[in-house]
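Biologist: I'm new to this one. Can you put it on screen and walk me through it?

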Amino acid sequence: QVYIGCVSDRNPARGIEIYAATKAAASNYVEEFGRRYYSAGIRANVLATGWCESPMTSKIEPSLWAKIVNRIPARRAATTLEVAEMAYSILDSPDYLSGNRIEFSGGL
């Protein structure tokens, strides 16, 4: 399984502390689950994403969105297709991968 986490759980911005804390708790749980139950043949990893172009982020005011994107070293947000492809690649990875956090954030 792949849990879609968020890089904000490691470095939350002002105003999203509760969101970041819940993402951190869920990410930590999945990482531990992936380690604990690996011997039973259950794999679990966290895909920690950065900003992504989505219906939700399309509601952000354009001037604010431009500031957000400008802070991303890649100078753009991921697409939902890129996130899906990365999640699939984790699912399709060697069986040795479990209990890990994989960051997919454009360099954040």
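Biologist: What does the accessible surface of the protein come to?

Modeller: The accessible surface is about 7000 Å² (Shrake-Rupley method, 1.4 Å probe). Carbon and sulfur atoms hold 59% of that surface. Bear in mind that this is a predicted model: local features need pLDDT of at least 70, side-chain atom pairs count only at pLDDT 80 or more, and totals for chains, interfaces and linings use all residues. Residues are numbered from 1 along each chain as its sequence is written, and side-chain values use heavy atoms, with hydrogens and water left out.

Biologist: Which elements does the protein have, from the N terminus on?

Modeller: The order is β-α-β-α-α-β. That comes to three helices and three strands. They are DSSP runs numbered from the N terminus: helices are H or I with at least four residues, strands are E with at least two. The C-alpha trace spans about 50 × 25 × 20 Å along its principal axes.

Biologist: How much of the protein do buried residues make up?

Modeller: Buried residues are 35% of the 108 residues. Buried means under 20% relative accessible area, exposed means over 50%, and partly exposed is in between (1.4 Å probe, protein chains only).

Biologist: And which residues are in the largest nonpolar core?

Modeller: Seven residues: Leu-47, Cys-52, Ala-78, Val-83, Ala-87, Ile-90 and Ile-102. Helix α3 (residues 80-91) gives the largest share, three residues. A nonpolar core is a set of buried Ala, Val, Leu, Ile, Met, Phe, Trp, Tyr and Cys residues joined through side-chain atoms within 4.5 Å.

Biologist: What is Ile-102 in contact with, leaving aside its neighbours within four places in sequence?

Modeller: Its contacts (heavy atoms within 4.5 Å) include Leu-47 and Ile-90, along with Asn-45, Val-46, Ala-48, Met-86 and Leu-97.

Biologist: New topic. Is Arg-43 buried or exposed?

Modeller: Arg-43 is buried, at 18% relative accessible area. Arg-43 is in the loop between α1 (17-36) and β2 (45-49).

Biologist: What does the side chain of Arg-43 make a polar contact with?

Modeller: The side chain of Ser-93, at 2.8 Å. A polar atom of the Arg-43 side chain also lies 2.9 Å from the backbone oxygen of Leu-97. A polar contact is a pair of N or O atoms within 3.5 Å; within protein, one must be able to donate a hydrogen and the other to accept it, and residues adjacent in sequence count only if both atoms are side-chain atoms. Leaving aside neighbours within four places in sequence, Arg-43 also contacts residues including Gln-1, Tyr-38 and Pro-94.

Biologist: How many aromatic pairs does the structure hold?

Modeller: Three. Tyr-29 and Phe-33 form a tilted pair, 6.0 Å centre to centre with 40° between the planes. Rings of Phe, Tyr and Trp (its six-membered ring) pair if their centres lie within 6.5 Å; planes under 30 degrees apart are stacked, over 60 edge-to-face, the rest tilted.

Biologist: Why is the pair of Phe-33 and Tyr-37 tilted?

Modeller: Because their planes are at 45°, with the ring centres 4.7 Å apart. Ring pairs link Tyr-29, Phe-33 and Tyr-37 into a cluster.

Biologist: Last one. Which residues are buried in helix α2?

Modeller: In α2 (residues 62-70), Trp-65, Ile-68 and Val-69 are buried. They are on the same side of α2, because they cover an arc of only 95° around the axis. The arc is that of the directions from the helix axis to the C-beta atoms.
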